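Here is my notebook from a first walk through a structure. Follow along with the residue numbers at hand.

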Amino acid sequence: MHHLTRLTVALVATFLALPASAATLVFFTTMDGPSESPPVASPGSGWARVTFDDVALTMLVQAAFEDLVGTTTVAHIHCCTAEPGIGNVGVATQPGTFPGWPVGVTSGSYENTFDMSLDASYTAGFLTANGGTAAGAFAGLVGGLKAGRGYFNVHSNFAPGGEIRGFLVRVVPEPGSLVLIGLGLVIVALATRRRRNH
């Protein structure tokens, strides 16, 4: 009987020691005009969530924006600035714009998944700067975003260099959440054991 308790505790400890998801990396940002460099006087705002699967080599892009002064032209991720959270740098993803990005509007939303194992998912400059392969570019992009050196940029005819942007930040589960999950597993295991004994 003590073996079950020890096994449960060992499993919970192992679970808590693992990353929340070995294959998923999530980045998030809020976007506005003052975050552009130089700042743009725009009431526009938005958010973007970028989820990488480092096993399937995919990137899910979800975004929404509203109240732009101009109408949208392109949107993409820029990487990697010299310092985290500041500066400008060239485009890293999707030459031109994300396919299917809403163009000619002041408000909208977007969702699309990209195969990041393809050279075409990156600009030629970013691909070359990262060893000339999609694998190198994927590693460079994820590494740059982890370091806070990449931003999501929405361009418009009012601000061709970008009307709203935001630096992407990694979303990491809070340690407290993992502890609660672990405690829940222990309680379920103990309850199961108690039922079997009675």
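My entries go strand by strand, then ring by ring, then to the backbone.

**Entry 1: what I am looking at.** I noted at the start that this is a predicted model.

**Entry 2: strand β3 and its partners.** I began with β3, which covers residues 58-66. I looked up how it is joined to strand β2, residues 45-53, and found nine bridges, with the two strands running antiparallel.

**Entry 3: Met59.** Next I listed what Met59 touches, leaving aside neighbours within four places in sequence. Its contacts include Val50, Thr51 and Phe52, and also Ile77, Phe98, Phe114 and Leu141. I checked Thr24 too, which is 35 residues from Met59 along the chain: their C-alpha atoms are separated by 9.7 Å.

**Entry 4: aromatic pairs.** How many aromatic pairs does a search of the whole structure find? The search gives 11. I looked at Phe27 and Phe52, an edge-to-face pair at 5.9 Å centre to centre, with 80° between the planes. Phe27 lies in strand β1 (residues 24-32) and Phe52 in strand β2, so this pair ties together parts that are 25 residues apart in sequence. Both residues are buried. Phe52 forms another edge-to-face pair, with Phe138, at 5.8 Å centre to centre and 80° between the planes. Here Phe138 lies in helix α3 (residues 134-146), so the pair with Phe52 ties together parts that are 86 residues apart in sequence. I read a relative accessible area of 7% for Phe138, which is buried, and 0% relative accessibility for Phe52. I also found a cluster linked by ring pairs: Phe65, Phe98, Trp101, Tyr110, Phe114 and Phe152.

Entry 5: Phe28, Trp47 and Val171 make a nonpolar surface patch of about 260 Å². I placed Trp47 in strand β2 and noted that Trp47 is partly exposed, at 35% relative accessible area.

Entry 6: Most residues other than glycine have a negative phi, and most peptide bonds are trans, so I went looking for exceptions. A cis peptide bond joins Ser37 and Pro38, with omega about 0°; Pro38 is in the loop between β1 and β2. Another cis bond joins Cys79 and Cys80, with omega about 5°, and Cys80 is in the loop between β4 (72-79) and β5. Asp67 is not a glycine, yet has a positive phi of about 60°. I found Asp67 in the loop between β3 and β4, partly exposed at 43% relative accessible area. Gln94 has a positive phi of about 40°. This residue, Gln94, is in the loop between β4 and β5, and is buried at 10% relative accessible area.

Conventions:
Residues numbered from 1 in each chain as written. Predicted model: local features only at pLDDT ≥ 70, side-chain atom pairs only at ≥ 80, totals over all residues. Heavy atoms only, no water. Helix = DSSP H or I, 4+ residues; strand = E, 2+ residues; numbered from the N terminus. Contact = heavy atoms within 4.5 Å. Pairing = 2+ DSSP bridges. Patch = residues over 30% accessible without salt bridge, like charges linked within 9 Å, V, L, I, M, F, W, Y side chains within 5 Å. Areas by Shrake-Rupley, 256 points an atom, 1.4 Å probe, with all protein chains shown as cover. Salt bridge = Lys/Arg side-chain N within 4 Å of Asp/Glu carboxyl O. Buried < 20%, exposed > 50% of the residue type's maximum accessible area, 1.4 Å probe, protein only. Phe/Tyr/Trp six-rings, centres within 6.5 Å; stacked < 30°, edge-to-face > 60°.
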